[in-house]
Amino acid sequence: MSHNFCNIYYQTVVYFDMIDEKELLPRILHGDLKAFEVLVKQYQGLVFHVVNRIINTKEDKEDICQEVFMKVHQHLHRFEYKSRLSTWIARIAYVTAINYGKKHNSSNTVAHPADIENYSFAEDHPGQQLDKKDVTAYINRLIAQMPEQYRTVLTLFHLNEFSYREIEEITGMPEGTVKSYLFRGRKLLKEKLSVYLKNELS
């Protein structure tokens, strides 16, 4: 029985309901708090996914998500529709999380190793075996262990469906670097998943 890593991973894709940004944003800029609540509900999942892939501690994640939306509200007048609103918000979330990690403790984030191909994942504990029956949960747990740059681009590309160019805009990484991280990260996950599926089916 064959398994496709990408098809399995796509099961976690989050689709955003469309909102009329050009109708909603002017209302927010004129002080309509209910309109801003609509925006928050629309993009809170995106903000959490970005922050979650960079910051480790739960309390910090919650604080950063709140800070991100405060910045969104504060700087919304600067948004010029040159990119998708989701890209603009994701950029704020990414920069805020990165700066928070640098300011408070470098151990709060995970640096990338020089040789990702030989990256070692944490060994499974007995209590984690039940989780491994859910392949999607297993993949997400692997991604959570990966270096920050890899788990960020994997999340933005697959989970939130951003293009290479949008990920470059969000993270500041050159497009070629984004493609490299995606290729190498997916290759590593595919290898781990193949071993997992082989053990499960044996």
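I began with confidence in this predicted model: pLDDT (the predictor's confidence in each residue, from 0 to 100) has its lowest mean in helix α1 (residues 5–9), at 40, and its highest in helix α8 (residues 164–171), at 95. Helices here are DSSP runs of H or I with at least four residues, and strands are E runs of at least two, numbered from the N terminus. I noted a chain average of 79, with 73% of the residues scoring at least 70.

I numbered residues from 1 along each chain as its sequence is written. Local features need pLDDT of at least 70, side-chain atom pairs count only at pLDDT 80 or more, totals for chains, interfaces and linings use all residues, and side-chain values use heavy atoms, without hydrogens and water.

I found pLDDT under 50 over residues 1–17, which have 37 contacts (heavy atoms within 4.5 Å) beyond four places in sequence.

I counted 9 helices and 0 strands.

The Phe79 and Trp88 rings have centres 5.5 Å apart and planes at 55°, so I recorded the pair as tilted. Both Phe79 and Trp88 are buried (under 20% relative accessible area; exposed is over 50%, partly exposed in between; 1.4 Å probe, protein chains only). Phe79, Tyr81 and Trp88 form one aromatic cluster.

Notes
Phe/Tyr/Trp six-rings, centres within 6.5 Å; stacked < 30°, edge-to-face > 60°.
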